[in-house]
Amino acid sequence: RGAAGWSHCHHAHGGRRRGRDPGALRDVPHRLRQGAAGCVATLLHDAAMNPAEVVKQRMQMYNSPYHRVTDCVRAVWQNEGAGAFYRSYTTQLTMNVPFQAIHFMTYEFLQEHFNPQRRYNPSSHVLSGACAGAVAAAATTPLDVCKTLLNTQESLALNSHITGHITGMASAFRTVYQVGGVTAYFRGVQARVIYQIPSTAIAWSVYEFFKYLITKRQEEWRAGK
């Protein structure tokens, strides 16, 4: 998800190790720049995709009144205004920004160990991508649990001693702790990690393959001039 956006930011911000270090970024630690690339990519990706996510969720609801995407978009726009498409934007960023920052930094760290020459190496890209996704998924599971509670207003929590709607991440964190204690923050961590491992492994391997292919063709074209 968002592979085109974050791969572009990764390529733009990751030039230091290849000697393409813009003056304004010269003194910024390399690992922080990798994390910043993930954050910038997430901001752009979620800004573009949040309306689509809103429409998807509304069409997936039980007994949804919408049968076509255009019907859903028109109804939301007319009844709730354009702001409804971005109501969950900050909540989405609260989870996705840390996830992508950890994801980027972990991938680059593993590549420096498994593939220090930075050559095209499919096995190292798959392994690094899978591990990076697993680490990022596990580390951000508490945020995902709270985001899910915010989006669903899960009845078990609301029917306990918690009254009213849950609003904001701080309220969600308190509610999760009150309902299930510290362990509740990591419910579903195994499923989340298992889901992310193939996703990030495929994304990075495809990105590295096309980067290698495009670079190779550019070099052949220059050599033939």
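Mentor: Buried residues make up 39% of the 225 residues in the protein; buried means under 20% relative accessible area, exposed over 50%, and partly exposed in between, with a 1.4 Å probe and protein chains only. This is a predicted model, so local features need pLDDT of at least 70 and side-chain atom pairs count only at pLDDT 80 or more, while totals for chains, interfaces and linings use all residues. Residues are numbered from 1 along each chain as its sequence is written, and side-chain values use heavy atoms, with hydrogens and water left out.

The protein has 9 helices and 0 strands. Helices (H or I, at least four residues) and strands (E, at least two) are DSSP runs, numbered from the N terminus. Contact means heavy atoms within 4.5 Å. Of the contacts with a separation of 6 or more, 64% join residues 24 or more positions apart.

Now to α5, residues 122-139. Start with its packing on α4, residues 89-114. The two axes come within 8 Å and cross at roughly 145°. Axes are lines fitted to C-alpha atoms, for helices over the stretch in contact, and angles run from 0 to 180 degrees between N-to-C directions. The α4 and α5 crossing is right-handed. A crossing is right-handed if the near helix is turned clockwise from the far one by less than a right angle, and left-handed if anticlockwise. On the α4 side, the contact includes F99, I102, H103, T106 and Y107. On the α5 side, L127, S128, C131, A132 and V135 are among the residues that take part. The residues of this contact divide into 12 nonpolar, 8 polar and no charged. Here Ala, Val, Leu, Ile, Met, Phe, Trp, Tyr, Cys and Pro count as nonpolar, Asp, Glu, Lys and Arg as charged, and the others, Gly among them, as polar.

R118 sits in the loop between α4 and α5. Its phi is near 55°, a positive value in a residue other than glycine. Most residues other than glycine have a negative phi.

Helix α5 also packs on α9, residues 189-224. The angle is about 145°, and the axes are 7 Å apart. This crossing, too, is right-handed. From α5, the contact includes V126, G129, A130, G133 and A137. From α9, V193, Q196, I197, T200 and W204 are among the partners. The residues divide into 10 nonpolar, 6 polar and 2 charged.

Aromatic side chains come next. F104, Y107, W204 and Y207 form one aromatic cluster. Rings of Phe, Tyr and Trp (its six-membered ring) pair if their centres lie within 6.5 Å; planes under 30 degrees apart count as stacked, over 60 as edge-to-face and the rest as tilted. The count comes to 9 aromatic pairs. In one of them, the ring centres of W77 and F85 are 6.5 Å apart and the planes are at 40°, so the pair is tilted. W77 is exposed at 55% relative accessibility, whereas F85 is buried at 7%. F173 and Y185 form another tilted pair, 5.6 Å centre to centre with 40° between the planes.

Finally, the cysteines. The structure holds 0 disulfides, a disulfide being a pair of cysteine sulfur atoms within 2.5 Å. C72 is buried at 0% relative accessibility, and C146 is buried at 0%.
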